[in-house]
Amino acid sequence: MDYEQFKAQVFKLTSIDLSAYKEKQMKRRIDTLIAKHKIAQYDDFVKELTKKGDMFEEFVNYLTINVSEFWRNPEQWKVLETEVVPRLIEHSGKNLKIWSAACSTGDEPYSLVMLLSKFMPLSNIKILATDIDKQVIEKAKAGLYNQKSLAGLPDDLKNKYFTKVGLSNYQIAPEIKACVEYKEHNLLKDIYPKNMDLIVCRNVLIYFTEEAKEGIYKKFNESLRKGGYLFIGSTEQIMNYRELNYTSMKSFFYIKNL
């Protein structure tokens, strides 16, 4: 079995389309994992995956890139707090529809809840958080984080919403967890939610091909209400944003055209 056939088998088993990822990088990651298990051929690895056991879970977890932290790039969260959220509240009131796409271990949606708590009671806040990897969703639901994840979080929020567990771990408050609804979602093939005020998808699409990225940015645009915002990562840029029906507000923030 060659790599092309392997990709087809993976898609059948997981609905993850490896063709949408940069091939050299992804193939190297997969070959490293296969070698770790002392498996010689793609065929044999696929046989192991079909058992849907521990190796299947490890493989899906390995494919997804889970590097996340609270308040990542604080200057961008400041723009969100001082400019974007006030405009959204002015337009839509305090029942905002917000989607954290490819949310990883929950650092981002919980950061959004804490930021919004400065503007409204927690009972008003509901964040949809999605990821392709159910293992990281389980980690997110657990809400247990290490010191490194919290390094960029303002001290007032850390003190208010986290309890220290052991030497260097922190448990997020249940009232913050209650504001986030987690779902499995594949950005390449699943239906997108509608009429969102804000979509946050950061530092994920750098791993996709240009064609796959453009398709996702288009679908994000369709998912937003007119005047809604897309907030992307500090390593990303939408070069053809005008063609995709966005206006560039500031670096990393795009508005769906009216």
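Good morning. I begin with helix 10, residues 210-223, whose 14 residues reach 20 Å from the first C-alpha to the last, close to the 20 Å expected at 1.5 Å a residue. Please bear in mind that the model is predicted.

Which residues of helix 10 are buried? They are Ala212, Lys213, Ile216, Tyr217, Phe220, Asn221 and Ser223. The cover over these buried residues includes strand 1 (98-101), strand 7 (196-201), strand 8 (224-232), strand 9 (246-250) and strand 10 (253-256).

I turn now to helix 2, residues 23-36. Helix 2 has 14 residues and spans 20 Å between its first and last C-alpha, close to the 20 Å expected at 1.5 Å a residue. Its buried residues are Met26, Ile30, Leu33 and Ile34. Viewed down the axis of helix 2, these buried residues fall within an arc of 100 degrees, so they line one face of the helix. In general, an α-helix has 3.6 residues a turn, so residues three or four places apart point the same way. On the other side of helix 2, Lys24, Arg28, Ala35 and Lys36 are exposed. After helix 2 comes Lys38, with a positive phi near 55 degrees.

Finally, the largest pocket, whose volume is about 260 Å³. It is lined by 18 residues, and closest to its centre are Thr14, Ile16, Val60, Ile132 and Glu184. Helix 1 (3-14), helix 4 (54-63) and helix 7 (134-142) each contribute at least two lining residues. Which element supplies the largest share of the lining? That is helix 4, with three residues.

Technical notes:
Residues numbered from 1 in each chain as written. Predicted model: local features only at pLDDT ≥ 70, side-chain atom pairs only at ≥ 80, totals over all residues. Heavy atoms only, no water. 1 Å grid on protein atoms, 1.4 Å probe; cavity = no way out; pocket = protein on both sides within 12 Å on 5 of 7 lines; lining within 4 Å. Points joined across faces, edges and corners; volume = space filled by probe spheres on them. Helix = DSSP H or I, 4+ residues; strand = E, 2+ residues; numbered from the N terminus. Expected span 1.5 Å × (residues − 1). Buried < 20%, exposed > 50% of the residue type's maximum accessible area, 1.4 Å probe, protein only. Contact = heavy atoms within 4.5 Å. Arc of directions from axis to C-beta.
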